Amino acid sequence: MSSRAPSIRVGIFGQDTVCGNERHGCGLWQAGIAACLVAAEAEPVTITEVGDRSWDEVFDGLHGVVLSGHDNDGKRPTAEAEELCLWCNNRRFPLLGIDHGLHLLNTAHGGTVYLDLPRDLPEALQHRHPPERGLRHAINVVPNTLLADLYGEGEVVVNSEHRRAVQRVARGFRMCAQALDGVIEAIEADADWFALGVQWHPASATASGLDIQLFRGLVNACRKRWAKALAKCSAA
């Protein structure tokens, strides 16, 4: 019997936009979600259209998903992405939400979002500066959380290019990182489910080498879930 680790296939639901031929901030691979999944030893699968298919059909043969938000042209409405989040919850399907993907994960489960930080929370630090792409600021990672297992607890620096932010964390989730001004930067499920949403952009050219840990964590969660499923089938 082969001892080779099973091939993990992870769907990308949303945009994976990379400007030009950029490299990830660590410089070891190309920028972009797909490239980071490859670096984390997974096969990326872009989900371009759902149509009339059920989520079971869409994710047949896949082991996890990265939710990067939704298109603004009506092809991928917010409701569809929120339905995906609830489907993942029901099946404990590993999910990593990035930027708007974090907001969708939160609102799908009853949380709320600030739509414009400068207006809604004027005392907050500047979290986005359009003329200066790749603004960075420190966040505090909460101890004894999944994110702390991936990043280590305490202060780390991340990129910041957002105007929205989580306002009220959804029931069933907890805040696992916040900026020094108190703005929530990451949430995670408080149950036995790898569901992690982050405000920063871990696959961009302004990300740090540490950010690959998010993708490795997702892939490891996929492997564990698949191994449990195989063990259950063998025991049946």
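User: How do the axes of helix α3 and helix α4 cross?

Analyst: The axes of α3 (residues 78–91) and α4 (residues 100–108) come within 9 Å and cross at roughly 70°, where axes are lines fitted to C-alpha atoms, for helices over the stretch in contact, and angles run from 0 to 180 degrees between N-to-C directions. The two helices are therefore roughly perpendicular to each other, a label given to angles of 65 to 115 degrees, with those under 35 counted as roughly parallel, over 145 as roughly antiparallel and the rest as oblique. This is a predicted model, in which local features need pLDDT of at least 70 and side-chain atom pairs count only at pLDDT 80 or more, while totals for chains, interfaces and linings use all residues. Residues are numbered from 1 along each chain as its sequence is written, and side-chain values use heavy atoms, with hydrogens and water left out.

User: Which residues meet there?

Analyst: Thr78, Ala81, Glu82, Cys85 and Leu86 of α3 meet Leu104, Leu105, Thr107 and Ala108 of α4, a contact being heavy atoms within 4.5 Å.

User: And how many helices and strands are there in the chain?

Analyst: The protein chain has 7 helices and 11 strands; these are DSSP runs numbered from the N terminus, helices being H or I with at least four residues and strands E with at least two.

User: Back to α3, then. What is in the loop between α3 and β4?

Analyst: Pro94 has its place in that loop, and Pro94 is buried, with a relative accessible area of 2%; buried means under 20%, exposed over 50% and partly exposed in between, using a 1.4 Å probe and protein chains only. Leaving aside neighbours within four places in sequence, the contacts of Pro94 include His63, Trp193, Phe194 and Leu218.

User: Where does another positive phi turn up in a residue that is not a glycine?

Analyst: Asn144 has one, of about 60°, and Asn144 is found in the loop between β6 and α6, where it is exposed, with a relative accessible area of 71%.

User: Which strands does β4 pair with?

Analyst: β4 runs parallel to β3, joined by 3 bridges, and pairs with β11 in the parallel sense over 4 bridges; two strands pair if DSSP finds at least two bridges between them. Val66 has Leu96 in β4 as its bridge partner, and Ile98 has Val198 in β11.

User: Which way do the β4 residues point?

Analyst: Leu95 and Gly97 point one way and Leu96 and Ile98 the other way, and all are buried. In a regular strand the side chains alternate between the two faces of the sheet.

User: What about β6?

Analyst: β6 (residues 136–141) runs antiparallel to β7 (residues 154–159), with 6 bridges, and antiparallel to β9 (residues 173–179), with 3 bridges. Val141 stands opposite Gly154 in β7, and in β9 its bridge partner is Ala177.

User: Last topic: how many residues has α7, and what covers its buried ones?

Analyst: α7 (residues 212–235) has 24 residues and reaches 35 Å from its first C-alpha to its last, close to the 34 Å expected at 1.5 Å a residue, that span being 1.5 Å times one less than the number of residues. Its buried residues include Ile212, Phe215 and Leu218, and what covers the buried residues of α7 includes β1, α1, β3, β4, α6 and β11.
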